[in-house]
Amino acid sequence: MKSSFWRRFCRNKGAVFGLIVLMLVGLFTALGPLIVHNTAWDMVGMPFAHPGAEPGLPLGTDTMGRDIFAGIVAGARVSLLIGVVSTVVSLLIGVSIGAIAGYFGGWVDATLMRFTELFQAVPSFALAIVLVAIFEPSVGSIVSAIAVVSWPPVARLVRSEFLTLRQRDFVAAAQLAGQSTPRIILTQILPNAASPIVVMASLMVATAILLESSLSFLGLGDPNQMSWGYMVGSARTVLRQAWWMAVFPGMAILLTVLALNLVGEGLNDGLNARADGRGK
């Protein structure tokens, strides 16, 4: 099973590239403090120093003489943390609501889906801005806001999977065996619906990173944490004078989000047995 998954995954060259990039980003994030001797907030050089103009500052400095490279390292930890944690929270909410709606159906399904549509009626980015502004910008409020706007598509996906799977023979056999409803949901149906959820989760991390970057760009990021979006936002008024302030953190966002999307496509191929047929 594992060998067939990796065979299908590795057949997608873009997914392999994305996985390598993600591994490098993870390694870079973990080893960053050992490589960078400055903190993201230290003023270590002259303002607007070009990349490589001063020793120990390979990516130059910003308007206050802070190390751009140190900022990217610190921003990687913050962006990835927010992306992963908000996705986990979104999955917990979305999977729970979608599983209950899809398994029970009827008025339970109708009620939960109307509740889901209530959140989908408001543009997600606008809702995230309002939530962060209400609760004051912080890592916790950003994670909560992203989770609140991200769970409805998960709920709809899980509901559709459960509506199909609950009609299968193995569910009827579990019911006849006297298994409880929570056990049937958690041990019988949910594992069979895991593949599309895993694929969606990888894409949700990428979306969460973009949302966090957008909020930080608008000045709604945590003022005590350096992030890629904050770095790009702080450079928007000096793009002609110091292009590197926006280009390097922007490239970090681009590569990470692209890698996550490519890995998502690879997971879809790896978890989909029909991918073997396409490759033959």
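Select Arg114. At 46% relative accessibility, Arg114 counts as partly exposed (buried is under 20% relative accessible area, exposed over 50%, partly exposed in between, with a 1.4 Å probe and protein chains only). The model is predicted, so local features need pLDDT of at least 70, side-chain atom pairs count only at pLDDT 80 or more, and totals for chains, interfaces and linings use all residues. Residues are numbered from 1 along each chain as its sequence is written, and side-chain values use heavy atoms, with hydrogens and water left out.

**Stop 1**

Glu117 and Arg114 are three residues apart in helix H4, about one helical turn. Helices here are DSSP runs (H or I, at least four residues), numbered from the N terminus. Glu117 is partly exposed, at 30% relative accessibility.

A salt bridge joins the side chains of Glu117 and Arg156, at 3.0 Å from N to O. Glu117 lies in helix H4 and Arg156 in helix H6, so the pair ties together parts that are 39 residues apart in sequence. Shared partners join Arg114, Glu117 and Arg156 into one network of salt bridges. Arg156 is partly exposed, with a relative accessible area of 30%.

**Stop 1: Arg159 and Asp109**

Select Arg159 and Asp109. They form a salt bridge, with the closest N and O atoms 2.6 Å apart. Arg159 lies in helix H6 (residues 139–165) and Asp109 in helix H4 (residues 106–120), so this pair links parts that are 50 residues apart in sequence. Asp109 is buried, at 9% relative accessible area. Arg159 is partly exposed, at 22%. A search of the whole structure finds four salt bridges.

**Stop 2: Asp222**

Move to the loop between helix H9 (194–217) and helix H10 (228–234), and select Asp222. Asp222 is buried yet has no salt bridge. The nearest side chain of opposite charge, Arg66, is 12 Å away (Lys and Arg count as positive, Asp and Glu as negative; His and the chain ends are not counted).

What does the side chain of Asp222 reach at 3.1 Å? Show the backbone nitrogen of Val139: that is the atom. Then display Pro137, Ser138, Val139 and Ile142, which Asp222 touches, not counting residues up to four places away in sequence (contact means heavy atoms within 4.5 Å).

**Stop 3: Asp62**

Go to the loop between helix H2 (13–35) and H3, where Asp62 sits. Asp62 is buried, with a relative accessible area of 7%. Its side chain reaches the backbone nitrogen of Arg66 at 2.8 Å. Leaving aside neighbours within four places in sequence, Asp62 is in contact with Pro47, Phe48, Ile68 and Met245.

Next, draw a distance from Asp62 to Ile93. Their C-alpha atoms are separated by 40 Å, and the residues are 31 apart along the chain.

**Stop 4**

End on Val85. Val85 is found in helix H3 (residues 68–104). It is partly exposed, with a relative accessible area of 34%.

How values were computed. Helices (H or I, at least four residues) and strands (E, at least two) are DSSP runs, numbered from the N terminus. A polar contact is a pair of N or O atoms within 3.5 Å; within protein, one must be able to donate a hydrogen and the other to accept it, and residues adjacent in sequence count only if both atoms are side-chain atoms.
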